[in-house]
Amino acid sequence: MRRSDINAIIRQSDEFIRSFGFLLPPFAYWRPKEMQARLSEIEGVVSGRLGWDITDYGGGDFDKLGLFLFTVRNGDTADLARGRGMLYAEKIMISRRDQISPMHRHVIKAEDIINRGGGTLALELFASDPDGDIDQEAEVLVATDGLWRRLPAGGTLLLQPGESVTLRPGMWHAFWAEGKDTLIGEVSTVNDDLTDNIFRDPVSRFSTIEEDEEPLHLLVSDYPAWLENASGRAVAGS
C-alpha cells in the first residue's frame with residue numbers, strides 16, 4: 001500500500017468513527033515525531049500494539065480485500081498464562097461495503113464482534129475439525145447477544161446495527177459489510193496479531209508500505225522501525 005493511501009484512509013476513517021459519536025484516545029493523533037519524543041511515556045502503547053492498523057492483506061486492492069482497525073486497549077499474554085490481570089482487548093474497525101476480511105481463525109482469542117452502526121455485517125462461519133482445519137460438514141452454533149443460533153457449515157450470519165456474535169477460538173470466519181460501510185466493535189481476550197491469526201489462504205496480515213509521503217500517524221506495524229530507530233533499542237513486543 002502507498003503511504004499516501006494509508007494517510008487518506010486514516011483521515012476518512014477518523015471522520016467515519018466520529019460520525020457515530022465514538023472518539024479515539026489522545027495518542028491516536030500524535031504525529032511520528034511526537035511519539036518518538038515521548039518514548040518514555042508510551043511503553044504501554046507500543047508493547048500492547050495499540051493504535052492504527054490498516055491492511056490490504058497483501059492483495060493490493062484495499063477496497064476489495066482489506067480492513068481498517070484501531071486497537072484501543074490490549075492486555076498482556078503473560079497475564080493470560082497467570083489467569084489473572086488484564087485479560088482483555090478492544091478494537092474499533094471499519095468494514096467498507098463489500099470489502100472482504102478473509103477467512104481465518106484464532107488459536108487463543110475469543111471475541112465479540114459487534115455491529116456498531118452503518119450497514120449489515122455479514123459473517124461466513126465454519127467450525128474447525130479435530131486438526132483445526134475447516135469442517136465442511138459440521139453445523140455452526142454461535143451465541144448472538146446471548147441467544148444461540150445454528151447455521152449450516154459456511155452459512156452466513158447477518159448482524160444488524162446493535163447486534164453482536166461471540167466467536168470462540170477455532171471458529172473460522174470471514175466478514176464484510178452489506179449495504180453501507182459499517183463500524184465494528186471487537187471485545188476480546190488479549191489480542192496477538194503477530195501469532196494468533198490462522199488464515200485459510202496465503203495472505204499477509206500486515207501490508208508492505210510504499211513510502212511516497214510522510215506518515216500522518218504511525219501504524220502499529222511501523223513501531224519497530226520508527227520507534228526503535230528513535231531510541232536506539234528494540235521496542236517492547238517487536
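Author: The model is predicted. Its largest nonpolar core has 31 residues, and I54 and F70 are the ones with the most contacts inside it. Six elements each supply at least two residues of this core: the helices α1 (3-18), α3 (43-47) and α5 (223-231), and the strands β1 (51-55), β2 (67-74) and β3 (88-95). Of these, α1 gives the most, with four residues.

I54 shows what such a position looks like in detail. Leaving aside residues up to four places away in sequence, I54 touches M1, I6, I9, I10, F62, L67, F68, S207 and L219. As background, nonpolar side chains in soluble globular proteins tend to be buried together.

Strand β4 (residues 101-105) is mostly covered, with five of its five residues buried. Two strands pair with β4. One of them is β11 (residues 172-189), which is antiparallel to β4 and joined to it over two bridges. The other is β12 (residues 198-199), also antiparallel to β4 and likewise joined by two bridges. H104 takes part in both pairings: its bridge partner in β11 is H173, while in β12 H104 stands opposite F199.

Note on methods
Residues are numbered from 1 along each chain as its sequence is written. This is a predicted model: local features need pLDDT of at least 70, side-chain atom pairs count only at pLDDT 80 or more; totals for chains, interfaces and linings use all residues. Side-chain values use heavy atoms; hydrogens and water are left out. Buried means under 20% relative accessible area, exposed over 50%, partly exposed in between (1.4 Å probe, protein chains only). Two strands pair if DSSP finds at least two bridges between them. A nonpolar core is a set of buried Ala, Val, Leu, Ile, Met, Phe, Trp, Tyr and Cys residues joined through side-chain atoms within 4.5 Å. Contact means heavy atoms within 4.5 Å.
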